Amino acid sequence: ALAAFLPGAAAGGAAAGLGFPSMQAVARYGVPADQRAAGSAIMFAIQRLGIPFGVAVEIGLQGSDGSLAPVLGVMGVGAVAGFLVGLSVDTRPTPP
C-alpha cells in the first residue's frame with residue numbers, strides 16, 4: 001500500500017512546495033504594504049474554499065467505472081491555463 005501511495009504523495013508535495021510560494025507572491029503583488037495582511041487572508045480564504053470545490057468537481061467528473069481520465073483532462077487544462085496566466089505576471093522588483 002505504501003508503494004502505491006508514496007509516489008503520488010511525493011509528487012503532490014513537490015507540486016505544493018513549488019506552487020504555493022509563487023501563488024502567494026502573485027496574490028500579494030501590487031498590494032500596498034498596509035494591506036498585505038488582508039490580501040494574504042483573502043488568498044488563503046479563496047484557497048481553502050477552492051479545495052472542497054475542487055474535490056466536488058473531481059467526484060462529479062469521475063467516471064462511473066472509477067476512471068480518472070476525465071478528471072486528469074480537466075486538471076491538465078487548468079494547469080496550462082494557470083501557467084499561461086502566470087507568464088503574464090511580472091513580479092520583478094522595480095528599481096528605486
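I started with Gln 24, which is partly exposed, with a relative accessible area of 24%. My cut-offs are under 20% for buried and over 50% for exposed, with partly exposed in between, using a 1.4 Å probe and protein chains only. Gln 24 lies in helix 1; helices here are DSSP runs of H or I with at least four residues, numbered from the N terminus.

A note on the source: this is a predicted model, where local features need pLDDT of at least 70, side-chain atom pairs count only at pLDDT 80 or more, and totals for chains, interfaces and linings use all residues. Residues are numbered from 1 along each chain as its sequence is written, and side-chain values use heavy atoms, with hydrogens and water left out.

**Confidence**

I looked up pLDDT, the predictor's confidence in each residue, from 0 to 100. The protein chain averages 84, and 99% of the residues score at least 70. Confidence is lowest in helix 1, with a mean of 83, and highest in helix 2 (residues 36-61), at 88.

**Who touches Gln 24?**

I counted a contact when heavy atoms come within 4.5 Å. Setting aside neighbours within four places in sequence, I found Gln 24 in contact with Met 43 and Phe 44. I also checked Thr 91, which is 67 residues away along the chain; its C-alpha is 11 Å from that of Gln 24.

**The two helices**

Next I checked lengths, taking the expected span as 1.5 Å times one less than the number of residues. Helix 1 (residues 2-28) has 27 residues and should span 39 Å; its end C-alpha atoms are 38 Å apart, so the two agree. After helix 1 comes Gly 30, with a positive phi near 80 degrees. Helix 2 has 26 residues and reaches 36 Å from first C-alpha to last, close to the expected 38 Å.

How do the axes of helix 1 and helix 2 cross? They come within 9 Å and cross at roughly 130 degrees. That makes helix 1 oblique to helix 2. On the helix 1 side, the contact is made by Phe 20, Met 23, Gln 24, Ala 27 and Arg 28, and on the helix 2 side by Arg 36, Ser 40, Met 43, Phe 44 and Gln 47. For the record, axes are lines fitted to C-alpha atoms over the stretch in contact, with angles from 0 to 180 degrees between N-to-C directions. Under 35 degrees counts as roughly parallel, over 145 as roughly antiparallel, 65 to 115 as roughly perpendicular and the rest as oblique.

**Inside helix 2**

I listed the buried residues of helix 2: Gly 39, Ser 40, Met 43 and Gln 47. They pack against helix 1. Gln 47 has a relative accessible area of 14%, so I call it buried. Beyond its neighbours within four places in sequence, Gln 47 is in contact with Phe 20 and Met 23.

**A last look at Phe 83**

Phe 83 lies in helix 3 (residues 69-87). Phe 83 is exposed, with a relative accessible area of 53%. From Met 43, Phe 83 is 40 residues away in sequence and 18 Å away in space, C-alpha to C-alpha.

Conventions: Helices (H or I, at least four residues) and strands (E, at least two) are DSSP runs, numbered from the N terminus.
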